[in-house]
Amino acid sequence: MRRYHLTTYGCQMNAHDSERIKGLLESSGLGEAASQDEADVIVFNTCTIREKADGRFLQNLMHARAQKARDPEKRIVVGGCWSESLKDELFAEYPFVDFAFGPGSIARLGDFLAPGGELPRGHFSTFDAFAGDLPMHRARPFSAWLQISMGCNSVCSYCIVPAVRGRERSRPLEDVLSEARRLADDGVSELTLLGQNVNSYGRDLPLTGRVSFAELLRRLDAVPGIDRIRFTSPHPKDMRADVIAAMAECPAVCEALHLPLQSGSTRILKAMRRTYSRERYLALVDRLRDAMPDVALTTDIIVGFPGETEDDFAATLDVYDTVGFDHAFTFIYSPRRGTEAAGMADQVPEPVKHERLERLVERVQAHARHRNARLVGSVQEVLVEGPSRTDPDTHRGRARSGKTVIFSPGAAVGAAVPVRVEAVTSQTLRGTVEAPVAVA
Ligand code: 5AD
Ligand code: SF4
């Protein structure tokens with residue numbers, strides 16, 4: 001049997017695309033190889049959001065080239081955002097690549113793999129179709145990603161995504177609902193809705209079938225069997241009252257929100273073209289907490305954006321303290337070819353960026369510990385994922401907040417169990433499964 005090896009970089013959107021890529025490879029009769037060395041078809045699903053992502057991938061790609069030099073029968077396939085960002089230049093620069101495709105044209109991989117099929121060197125199209133009907137190899141039986149839109153209409157000055165994923169296209173409501181029902185029938189109870197700007201969903205749909213993101217949440221909440229709904233990533237500018245109300249009112253929608261801040265300085269936010277100020281972001285957090293007092297808030301922050309002064313950075317730390325986030329992904333600004341910010345004057349020196357990142361990470365850890373400590377003594381509903389990787393006597397799962405919970409005794413994978421929290425770190429909660437309390 002011919003075998004493939006797939007390496008995935010980047011965001012959850014890419015991880016989900018990789019489930020489709022695996023599905024296509026497997027339905028073409030390929031089995032999964034344990035390593036790149038043993039594979040006949042070496043596949044990469046790439047990311048290009050920061051230079052670091054490119055660097056790690058290129059190292060692996062060069063390794064694949066060396067393997068192909070020894071065994072010319074091997075095939076090298078490159079999909080994802082890095083591919084799309086290079087388009088046809090890719091084959092001039094990397095002639096050993098056999099096939100390449102962008103994030104909007106995964107289905108073309110099936111044509112490439114078809115027996116006796118032509119071997120076109122590449123196919124880039126900003127958008128062929130949603131991959132919703134392609135075969136899928138899911139990592140967890142009870143939890144699934146569901147893509148609701150693709151592309152992004154924002155113009156954040158640091159970001160390469162609009163250039164590679166194109167303008168926003170929403171998937172029609174009926175398609176989203178029927179995939180949700182199919183997944184529920186298949187045993188899925190937890191859905192994570194995916195889109196580059198997930199909460200601007202619907203605005204591009206034809207008037208007759210137009211629904212808002214808030215309405216979509218309500219319709220998905222009503223799908224039998226779906227007990228948890230999450231979504232990523234929303235933009236603060238589209239976090240309107242109707243979305244907050246739907247989150248608060250729909251029992252299945254989790255009390256958790258990833259709300260990218262990027263910077264706490266209004267001046268930098270403006271240069272980033274984020275379209276909100278520090279005050280508007282803070283007011284939004286107040287409205288969210290009024291509606292959902294225990295909502296877990298996480299965020300993305302970039303340090304060292306061009307022109308960021310010590311005062312601007314202090315403003316970011318200040319917003320961080322004011323909100324008291326549950327967690328954050330922190331990034332060093334990375335200039336991306338073709339973006340507005342890459343051409344800005346006042347690029348911040350690397351040592352300054354690194355020093356700011358360190359201070360921010362310390363702050364993130366401190367707040368994470370503090371936010372988790374508040375939960376000691378509480379009972380959390382935990383969706384069981386299985387035995388812990390490090391200690392087989394304990395089990396792991398996720399609370400509705402998205403936090404990882406380590407607990408014992410074990411319980412069936414996919415079950416939702418009540419766990420009383422006894423101890424915490426900045427990364428995890430630990431506790432004991434409570435005997436279900438009988439309701440009189
Ligand atoms: N440099 C650093 N971080 C970036 N992000 C996006 N573009 C860049 C860049 N050029 C971060 C943002 C975004 C997250 C997915 O990646 O914080 O929310
Ligand atoms: Fe990377 Fe952005 Fe593409 Fe996701 S959408 S894979 S983060 S470049």
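Predicted model: local features only at pLDDT ≥ 70, side-chain atom pairs only at ≥ 80, totals over all residues.
Figure 1. The side chain of R50 places an N or O atom 2.9 Å from an oxygen atom of ligand 1. An oxygen atom of the ligand also lies 2.6 Å from a polar side-chain atom of Q262. At S334 the contact involves the backbone: one of its polar atoms is 2.8 Å from a nitrogen atom of ligand 1. On its own, ligand 1 has 400 Å² of accessible area, of which the protein covers 86%.

**Figure 2. The residue shell around ligand 1**. The shell is made up of I49, R50, Y158, Q262, D300, I302, F331, I332, Y333, S334 and R336. By residue class, six of these are nonpolar, two are polar and three are charged. Two strands, β13 (296–303) and β14 (327–332), each contribute at least two residues to the shell.

**Figure 3. The aromatic pair W82 and Y94**. The structure holds 13 aromatic pairs. In the pair shown here, the ring centres of W82 and Y94 are 5.3 Å apart and the planes stand at 65°, an edge-to-face arrangement. W82 belongs to helix α3 (residues 81–86), whereas Y94 sits in the loop between α4 (89–93) and β5 (99–101); the pair therefore ties together parts that are twelve residues apart in sequence. Both W82 and Y94 are buried.

**Figure 4. The aromatic pair F213 and F231**. The ring centres of F213 and F231 are 5.0 Å apart with the planes at 80°, so this pair is edge-to-face. Because F213 lies in helix α8 (residues 213–221) and F231 in strand β11 (residues 228–232), the pair ties together parts that are 18 residues apart in sequence. F213 is buried, its relative accessible area being 1%. F231 has a relative accessibility of 7% and is likewise counted as buried, since the limit for that class is under 20%.

**Figure 5. An aromatic cluster joined by ring pairs**. Ring pairs link six residues, Y9, F44, F57, W82, Y94 and F96, into a cluster.

**Figure 6. Domain arrangement of the protein**. The protein is divided into domain 1 (3–124), domain 2 (143–373) and domain 3 (379–433). Between the centres of domain 1 and domain 3, taken over C-alpha atoms, the separation is 36 Å.

Terms used: Residues numbered from 1 in each chain as written. Chains lettered and ligands numbered in written order. Heavy atoms only, no water. Domains from an automatic or database assignment. Phe/Tyr/Trp six-rings, centres within 6.5 Å; stacked < 30°, edge-to-face > 60°. Helix = DSSP H or I, 4+ residues; strand = E, 2+ residues; numbered from the N terminus. Buried < 20%, exposed > 50% of the residue type's maximum accessible area, 1.4 Å probe, protein only. Near = heavy atom within 4 Å. Polar contact = N/O pair within 3.5 Å; in protein donor to acceptor, adjacent residues only side chain to side chain. Areas by Shrake-Rupley, 256 points an atom, 1.4 Å probe, with all protein chains shown as cover. Nonpolar A, V, L, I, M, F, W, Y, C, P; charged D, E, K, R; others polar.
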